[in-house]
Amino acid sequence: MLVPPFTPDSSSMIWETVTLSKYFNLQVSKLLKPSFFKPLMGTLQNLLDTSTEPYRIIYFDNEIIKTVAVGEQVKQLEKNLKWLNDTCEHIFDELNNSEERLEFLNVKIINHLGVKENQLISATDSKTQAALRAFKNHFKLPPSERLVSYYSCAFYKSMVYQGWIYLSENYICFYSYLLGVEKKIILELKLIEDISKSSDSFLSNTITFTLSDQSKYSFGNFFNRDECYEILTQLMDKSMDRVLKNSALEPNPGQAFNSTNNNSNKNLQKSANNYETKNIYSSLKNQVQQELKDYQLQNKFQLPAGESLSFETTVLFSHPFKKSKLRGKLYLSGSFLCFSGIDQLCQWTIPLYSIRRVEKHVSKLPPSYALTVLSYHKILFNFQFLESTLDGYNQFCRILTQHLKVHMSRVKGLKDFLSSLYSETYLTDTTLPVGAALGFEYGFLEDGNKAREKAKIAYWVKRFENEGKNFSMIKDSDFYKLIRVGIPGPLRGELWELSCGSIYLRFKNPHLYEDLIEQNKDNKSLSLEEIEKDLNRSLPEYPAYQTDEGINRLRRVLTAYSWYHPELGYCQAMNIVGSTLLIYMSEEQAFWTFNVLCDKLVPGYYSTSMHGALLDQMIFENLVAKMMPILDEHLKKNGITLSIVTLPWFLTLFINSMPLHFAQRILDCFFLEGPKILFQIGLAILKINGDELLNCKEDGSFIDTLKTYFSTLDTPINPELAKKGINKFTKLIQLAYKEFSLVDMQMITEMRKSFQMKVVHNIENFARQTTIRNLKSTGKFTNQELQLLYDRFSSAIFYVNSQSSQQEEEADLLNGAPLPKANQNQKMNFESFENLLEQILIGYELSPEEIEMRKLVEKPPISPRTVLGQVMFDQFQPDEDGYLDFQQIVTGFDSILNHGSEARIKLFFDMIDDQMLGTLNSDSITKFAELLLFLYRHTGSEEYLSQIPKFIKQADSAIHGGPASPTSITSPQSTDLDWTLSDNPFEDTIPKPQSPTNQVKSIDIETFKALIAKNAWLAHFFETQFVQMITFEAPSVYRLEDRGLSRQIVDTIVDQGTKVIGTVGKRLQHFIVPSDTQLTSANNTNGIQSTPSQVQMLKHEELVEPIPPQERVVKEVFWTILLMNKY
């Protein structure tokens, strides 16, 4: 294939010329020829990662030498060479110098490759290009599969194989070639259940993969294991998301019944990062690494999903209020300036649109470079650069200036936005904004001590004045202590959205919430029906939800979320959380906070599969087993299921489990510190009640014990502490932070990564069983066959959707919040159906060479492959939207495989009946032959070459009543895109019907069946062979190919011997006198009259010539072969 020009390796000793033109040289590698040095050279190539294709085209012009095409087949490169000569040679002659010619060549090749080859275009260095080509060459994966990164490592299985591991979007591949022993391993990412870092006696710095069938594969001796591991976890996260989307059992619950307006919801999302254009040609490895950095930045400072790290440096921050200096990291993203202390807990986030002024300071004394930022609230943030050089300092200032210019237009809306915050208005003006939180009218749920609440508010007011508020707030250790003590009701909503970062989404997307409500006011969906059922069951004890106002607010927030995320829609327990948020927040605040909660804090909790909740339950049970082994053993011994009790804790964030004024204290910590608090509180509850729980023998008593505990949380521990307000809940909070401080977000994140694929595979298995169980008709398939077919069906959808998912992810990265996405759950379009046929129908998949040749044709004709796939797809009766579900797939394949040969004959009849008239003409018969040749082209059988022409003659006689005229039809070795190639070796042996001058006749399906019945080979094809071509068996999880050195030597000997046999054999044809019968027969066949006297005799001494060295080594072998074959 053509590649962007790059400098080839300096060694020309292993290449020799095949075809030479004025500017281009088609060469072949000498390593393609068997030799005793081939295993050694292959080993060196493997170790140095310099593996190359056997053919290449070199562009040469004076001192410029570039590789412009590489490939495995000489025919492929010959077509490339012709294109290069035709396209470039006449232009080159007109250009003045070599540089202009090279620039023209580079542009032409890149334009010819197009976007589909963007990854290769982006690889500017020859080493990366070589790795990309080696990946494509060694592993016959789909052409769309893109390489992310590659690393040198070793694989151990009975011996250590040193080689290279290649990470792509959907596969992990390993290749090794040592002294003639070749090993390939291919693992599907979606089948990996766990990855772990370890070391053993054979390999150090090991990464071990555990597959869903519990088989393990270990790769070690990495030079950069941590980088490889991080990229793997990122790829597995993406794979998990696609598997979950693929396993959904029902349509999007939030999709409108009566409108396509969901698509218009995408237009509501306004991007704050439009200036950050992504280069589609950027390295996937760099992209994945950047995504990881962005993800870590977003989680650390609760930033919107689209924020990308632009600059990171170490600074000395001067605290504006405490007059102390803190060493820490300064981060700059597209919309935010963030700081995090290294030695002390101190963190702040300043939106760039809230910055009034920036000043640069340069001094002669170190640290020489400093910056002062004045915030909207007129607070000065001073920091000195500790590690940056002058160039780094100037680069930071330049990037900051660019980002500030982008956000200048947003500054105007800042004042109106801040007026909606309690800390800005109500502390000085008692006038409430329109649509304020329900608590201002119906009361905040507190513990009843009004004096304590007033003291809390007074303390917070003082902190706002001394240490900043909202967009200028500094979060230090005192801030965390205040949150844990409890936020006063009027400030709770603002501090919740500030802690979780939803305030930034709300500012960036003004009016989006109102627009969602307005645009979807007339739409109906499954989610709306479920919401209506739960509205009156949402905190009925709170007064506001006994009124229309409270119910209507909750309805609007839940429905807006379902329209914004139609793939999630609505799930039970959302109403409990949403109703709690509205007590302390306005509708718009609650909407955006709910988005952050579902997308970042507890992802997957409220999805249709609830995979996030199930994952965290698995983690919680694992923590209980490690930290409370006695209780865990007791639960297992008595058959008590812990998740029955703890799942509602996590789903409702303890709101339904304990009194609300205590649950909201947990929410205070939850929004600031993340979901770790759910695990800490849960473990503390079990710890406190451990003795009572060990006496429980069944689920009922276990639940009653904990209910009793929750009902007494406000009970003082003792009379002396009662006056200080210290009760059981206070003890619970203290125990959670003290005893289970090791359960932090890092541990939770690592455990989520470790267990997530196991949960996903369980969901996938459940989806498989449920789908099969709900089939209305299973035909004659066994349950095992249905499971295999479902796996192939699901896999086809998965890999086709992976490309569209990537485009959606790239769109999300450019937006502050995920765009709403519609999803065809468990349905297959034609592209996915073709992928399915590639998996199960032998011969349907195109080879890499055929794919490459197809690219060389500007407008490929309709191929037999397309006809075969499209007719089968249409016969399976897709829906009006062009999709097939699993039931239609089962019914369709059942009719083909289990209902006799007539159904299969009818399928092929429909394929070649273009006009759908129920009759076939001569052209139809030709297409039938092309279909058979296409299916048999890689089988290795040759019988069809004689049987297909025989059938064509019979069919032509039936149609026209006369003999067929021989002419060329498709070559079985041609691709599906060109069925009349000029180099067809069979063009004189296979006849094609040719319409006579009289009226064209036709045959119907009954005649077609009769003709097939007369041909024993075709009858056998429809009765047995076509069925055998379709297999549902799962492909091997990995492909392992070994080729030993001894085999390499034998191949070399045989190859050299065969060459000599051919040479000597030609001479012996002249030396040996054939019999008169043989000579007459041969001459008659060729139409030549000859006699024995006309045969030239060769003297014996003319036959004896010096034997080349490489032939002398194996002369005994090939002379033995000569004798065995009687010359």
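Glu838 is partly exposed in this predicted model, at 27% relative accessibility, while its salt-bridge partner Arg865 counts as buried at 8%. The closest N and O atoms of the two side chains are 2.4 Å apart. Because Arg865 belongs to helix 34 (residues 864-875) and Glu838 to helix 32 (residues 830-840), the pair ties together parts that are 27 residues apart in sequence.

Another of them joins Lys197 to Asp226, with the closest N and O atoms 3.3 Å apart. Here too distant parts of the chain are linked, Lys197 sitting in strand 10 (residues 192-198) and Asp226 in helix 6 (residues 225-246), 29 residues apart. Lys197 is partly exposed, with a relative accessible area of 39%, and Asp226 is likewise partly exposed, at 44%. Lys322, Arg463, Glu467, Asp476 and Asp478 are linked in a network of salt bridges.

Asp913 is buried yet has no salt bridge, the nearest side chain of opposite charge, Lys906, being 7.7 Å away. Asp913 lies in the loop between helix 36 (900-912) and strand 21 (919-920). A polar atom of the Asp913 side chain lies 2.9 Å from the backbone nitrogen of Gly918, and the backbone nitrogen of Leu917 is 3.3 Å from a polar atom of that side chain.

How values were computed
Residues numbered from 1 in each chain as written. Predicted model: local features only at pLDDT ≥ 70, side-chain atom pairs only at ≥ 80, totals over all residues. Heavy atoms only, no water. Helix = DSSP H or I, 4+ residues; strand = E, 2+ residues; numbered from the N terminus. Buried < 20%, exposed > 50% of the residue type's maximum accessible area, 1.4 Å probe, protein only. Lys, Arg positive; Asp, Glu negative; His and termini not counted. Salt bridge = Lys/Arg side-chain N within 4 Å of Asp/Glu carboxyl O. Polar contact = N/O pair within 3.5 Å; in protein donor to acceptor, adjacent residues only side chain to side chain.
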